[in-house]
Amino acid sequence: MFSLDDHPQRYELANELHARPSPALKAPGTAVYLAVKRPENAASRDRDADRAHLIDLLDRFGAPHPSPGANHYFGAIGRYHLKWEQHTEFVTYTVFGDGVASRAFDPAAFDVFPDDWLQTAPGKRVTSAHIRIDTMPDTEDEMNEAISKWFVSESVASTWVLERAAMIAGDFRIDPAGHMRFAAFIGKDAGDSRIGRIVQRLCEIETYKSMSMLGLPLARNLQAKLGYLDGELTHLVSAMSRDDEPAEATLDELLQISSELEDLTAATSFRLSATKAYEAIVHQRISSLREARFMDRQTLSEFMMRRYDPAMRTVKSAEKQLTAMARRSMRAGDLLRTRVDVQRSEQNQALLESMNRRADMQLRLQETVEGLSVVAISYYAVSLAGYLAYPLTDVLGISKGMLTAVLTLPVVGLVWLAVRRIRHSIEK
């Protein structure tokens, strides 16, 4: 025995691979299927409410409850068997019964779901399907006649599956009772597990097809909004090239458009991503059936190519358009911010040049003031020196005017030197 400790989720993750096995079914038989989803915030719903609703149904038949926190259940309810699965956005109920009604697709098969129980469901019906599991007739013509009687001929898809182990058919239309209809004609050599896988694939194809189609109205609404925003963005880019408006005003408008695009991205990213994931599952489930043409009728793949794929292309186109516009807005914003930065740099350069001119003027004014200061100081210094030297006029035999003239130049020179030295000391 190893003494190494297991990761806390090792067993949970290993058991997840075996959590939803296909049921083992016999032909003839009937399966009724129901998928329920909350209209808003389904991924973050209260999952305990889903389990409580399941327990309510089980209590009506006296059936045992699922384990706490379980996301799947399989067990007997009266003379039927119920398979319940909890998914990321929706919950599914599949009820299997033996035998088929004399009336094809009799709505009474759904009576296993009580009306008052349906009304209290924590969500709305995404889809429901009635699957008739019948034994394969001796000839293809008999199957073809039944298909023509049960389904709308212009949209019915019918195909051999799993190396002709069965033939399945459905027209993906809602019947008067509100359900999709599918028929499966089972060959004699098909085992119970294979029949169960065929029925499960039909339920999965219908469910994931319906879930992926939820992205189509969102995509159409998104395209309408993007059309308006595209016109606004084009106008702004044109205004940038013509330089009709101030760059700051254009940048504000562009930021508004960018914020709207970000809001649209946040509001639609989950649904658009989920649509792509569901579409991939639909095509994978159809591929796993290994189709072969039945008589001259269209296969499931051909039906999806003609009716389903165009809707998915619309969703993908809207997502690509949103991504392209977001990138375009980002590039335009970068260009506009560059223009604003260049304009601000030019303004700053002009401001610095203006400041330099003011500094030069102040320097010249300072030099002028210094000159005037030298003159004024020299005037008072010469006067003081003259008063001090006037007694020497008699000794030297010169007049006071001559003495003042002699003193003027040395005094002015000394004052100039003193002022210059003071200025140099201040600059240091």
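Me: What does I131 touch, and what makes a touch count?

Reply: Contact means heavy atoms within 4.5 Å. By that cut-off I131 touches G29, T30, A31, F182, V199, L202 and C203, leaving aside residues up to four places away in sequence. This is a predicted model, in which local features need pLDDT of at least 70 and side-chain atom pairs count only at pLDDT 80 or more, while totals for chains, interfaces and linings use all residues. Residues are numbered from 1 along each chain as its sequence is written, and side-chain values use heavy atoms, with hydrogens and water left out.

Me: What makes a set of residues a nonpolar core, and which members of the largest one touch the most others?

Reply: A nonpolar core is a set of buried Ala, Val, Leu, Ile, Met, Phe, Trp, Tyr and Cys residues joined through side-chain atoms within 4.5 Å. The largest has 41 residues, and I131, I168, V199, L300 and M304 touch the most other members. Its largest share, 8 residues, comes from α5. A second, separate core of 19 residues includes L54, W84, V95 and W117. In soluble globular proteins, nonpolar side chains tend to be buried together.

Me: How do you know that R60 and D56 meet in a salt bridge?

Reply: A salt bridge needs a side-chain nitrogen of Lys or Arg within 4 Å of a carboxyl oxygen of Asp or Glu. The distance from N to O here is 3.5 Å, so the pair qualifies. Both residues lie in helix α2 (residues 47-61), 4 residues apart, about one turn of the helix. Helices are DSSP runs of H or I with at least four residues, strands are runs of E with at least two, and both are numbered from the N terminus.

Me: Why is R60 called partly exposed?

Reply: Buried means under 20% relative accessible area and exposed means over 50%, with partly exposed in between (1.4 Å probe, protein chains only). R60 has 37%, which falls between those limits, so R60 is partly exposed. D56, at 28%, is partly exposed too.

Me: What makes K209 and E206 buried?

Reply: K209 has a relative accessible area of 12% and E206 has 0%, so both values fall under the limit for buried. Their side chains meet in a salt bridge of 3.2 Å, N to O. They are 3 residues apart in helix α5, about one helical turn. Elsewhere, salt bridges that share partners join D56, R60 and D116 into one network. The structure holds 20 salt bridges.

Me: How do you know that the buried residues of α4 are on the same side?

Reply: The buried residues of α4 (residues 140-150) are M143, N144, A146, I147 and W150. They cover an arc of only 160° around the axis, which puts them on the same side of the helix; the arc is taken from the directions from the helix axis to the C-beta atoms. The face turned away from that side carries the exposed residues D141, E145 and K149. Cover for the buried residues includes β5 (124-135), β6 (157-161), β7 (166-174) and β8 (180-186).

Me: Why are β2 and β3 said to pair?

Reply: Two strands pair if DSSP finds at least two bridges between them. The antiparallel strands β2 and β3 (residues 80-86) are joined by 6 bridges, so they pair. They form a hairpin with 2 residues between them, and G78 in the turn has a positive phi of about 65°. F74 stands opposite K83 in β3.
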